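Keep the structure in view as you read.

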Amino acid sequence: MNDTLNYIPKKQFLQTMGISRYTFRDWVEKRNLPIIRIGYRTFIPFSEYKEWEKKYHKNIPQNSEKNSEFEWKNIF
């Protein structure tokens, strides 16, 4: 991320998020991901991205140990 401008270049954003350019385009068109175009280059404003992220953030548990404590009852 460029600290002086506070913009994330598109290429770096794609690598960091692990998404394709098609998913990126989908996020921009359907989910209104904030972008800025300067010439032919595309950037994501970091502060606006953080606000956008709060709106579309999903809380997915990362720790599978807590899930292993649960036991299903056998119905047969």
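By class, how many nonpolar, polar and charged residues does the lining of the second largest pocket have? The lining has 3 nonpolar, 1 polar and 5 charged residues. Bear in mind that this is a predicted model.

**The second largest pocket**
- About 150 Å³ of space lies in the second largest pocket.
- Its lining includes the charged residues Lys10, Arg21, Arg25, Glu29 and Arg37.
- Tyr22, Phe24, Val28 and Thr42 also line the second largest pocket.
- Helix α2 gives the most to this lining, with 6 residues.

**The largest pocket**
- The largest pocket holds about 230 Å³ of space.
- It is lined by 10 residues, and the closest to its centre are Met17, Trp27, Tyr56, His57 and Lys58.
- Helix α3, residues 46-56, gives the most to the lining of the largest pocket, with 4 residues.
- The lining of the largest pocket divides into 6 nonpolar, 1 polar and 3 charged residues.

**Helix packing**
- Helix α1 spans residues 10-17, and helix α2 spans residues 21-30.
- The two helices pack at an angle of about 105 degrees, with their axes 10 Å apart.
- That angle makes α1 roughly perpendicular to α2, because angles from 65 to 115 degrees count as roughly perpendicular.
- On the α1 side, Lys10, Phe13, Leu14 and Met17 make the contact.
- On the α2 side, Arg21, Phe24 and Trp27 make the contact.
- By class, this contact has 5 nonpolar, no polar and 2 charged residues.

Conventions: Residues are numbered from 1 along each chain as its sequence is written. This is a predicted model: local features need pLDDT of at least 70, side-chain atom pairs count only at pLDDT 80 or more; totals for chains, interfaces and linings use all residues. Side-chain values use heavy atoms; hydrogens and water are left out. Axes are lines fitted to C-alpha atoms, for helices over the stretch in contact, and angles run from 0 to 180 degrees between N-to-C directions. Angles under 35 degrees count as roughly parallel, over 145 as roughly antiparallel, 65 to 115 as roughly perpendicular and the rest as oblique. Contact means heavy atoms within 4.5 Å. On a 1 Å grid over the protein atoms alone, a cavity is a set of points where a 1.4 Å probe fits but cannot get out, and a pocket is an open set with protein on both sides within 12 Å along at least five of seven lines; lining residues have an atom within 4 Å of a point. Grid points are joined across faces, edges and corners, and a volume is the space filled by probe spheres set on the points.
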